[in-house]
Amino acid sequence: MDPQSAGLTALSRGLAGYLRAVAAAVGVPAEATSFEVSDTVTAYLGLSRRWPSRPGEDLMLVWSERSGWAVAVETAPEEAPLVLAWFAGAEVVPEPAAVAKFVTGVLEAERSTAAQPVFAVDVGRTELAARLARYA
C-alpha cells in the first residue's frame, strides 16, 4: 500500500470512529450516518426532529474539514441546505459530548447567531487523521 493510500485509510477509519462516537452522543443510529473522503472530508447524521417552520423537511447534523459542525434543514438535492446554526468552537474535531450539547442547544433555542467557522484546510490530511486517530 502506498503512503497516500495508507493515509486515506487512516483518515477514513478515524472519521468513521469519530462519526460513531458523535452519533452515539447525539442519539442517532448508525444507519442514519454517512461520510465521504474525497476532495473535501464530510460527514452526515440524520436527526429525528423537524423544524417547526419547515415541518415537511428533516434536520441534519453535517460536518466538514473546512467548516466543522452545523445543524441544517435538509432541502431538495439541487438546493443548498438551510443552516440553522454553526458549532462555534476553535477545534475542527470537537469532543462528541460538546457536539451533542450543541445540537441540544440548537433544538431548544431553534437558532444560533454564530458565524460559519473556517478552519485551515492547509493543516493537511495527515494532521486531520492524527486528530481523528483516537476514534479509529
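A residue counts as buried when its relative accessible area is under 20%, as exposed when that area is over 50%, and as partly exposed in between (1.4 Å probe, protein chains only). What you're looking at is a predicted model, where local features need pLDDT of at least 70, side-chain atom pairs count only at pLDDT 80 or more, and totals for chains, interfaces and linings use all residues. Numbering starts from 1 along each chain as its sequence is written, and side-chain values use heavy atoms, leaving out hydrogens and water.

**Overall layout**
- The protein has three helices and five strands; these are DSSP runs numbered from the N terminus, with helices being H or I of at least four residues and strands being E of at least two.
- Going along the sequence, the order is α-β-β-β-β-β-α-α.
- Take the contacts (heavy atoms within 4.5 Å) with a separation of 6 or more: 54% of them are between residues 24 or more positions apart.
- The accessible surface is about 7,400 Å², and carbon and sulfur atoms hold 54% of it; the areas come from the Shrake-Rupley method with a 1.4 Å probe, and for residues only the protein chains shown count as cover.

**The β1-β2 hairpin**
- Strands β1 (residues 33-37) and β2 (residues 41-51) run antiparallel and are joined by five bridges; strands pair if DSSP finds at least two bridges between them.
- Three residues sit between β1 and β2 in this hairpin.
- One of the bridges pairs T33 with L45 in β2.

**Salt bridges**
- There are four salt bridges in the structure, each one a side-chain nitrogen of Lys or Arg within 4 Å of a carboxyl oxygen of Asp or Glu.
- E65 and R125 form one of them, at 3.0 Å from N to O.
- That pair ties together distant parts of the chain, 60 residues apart: E65 is in the loop between β3 (54-64) and β4 (68-73), and R125 is in helix α3 (residues 125-132).
- E65 is buried at 8% relative accessibility, while R125 is partly exposed at 26%.
- E91 and R131 form another, with their closest N and O atoms 3.3 Å apart.
- Here the link spans 40 residues, from E91 in the loop between β5 (82-86) and α2 (96-109) to R131 in helix α3.
- E91 is partly exposed at 32%, and R131 is partly exposed at 31%.
- E95 and R134 also meet in a salt bridge, at 2.2 Å from N to O.
- E95 lies in the loop between β5 and α2, and R134 in the segment after α3, 39 residues apart.
- E95 is partly exposed at 42%, whereas R134 is exposed at 56%.
- Salt bridges with shared partners join E91, E127 and R131 into one network.
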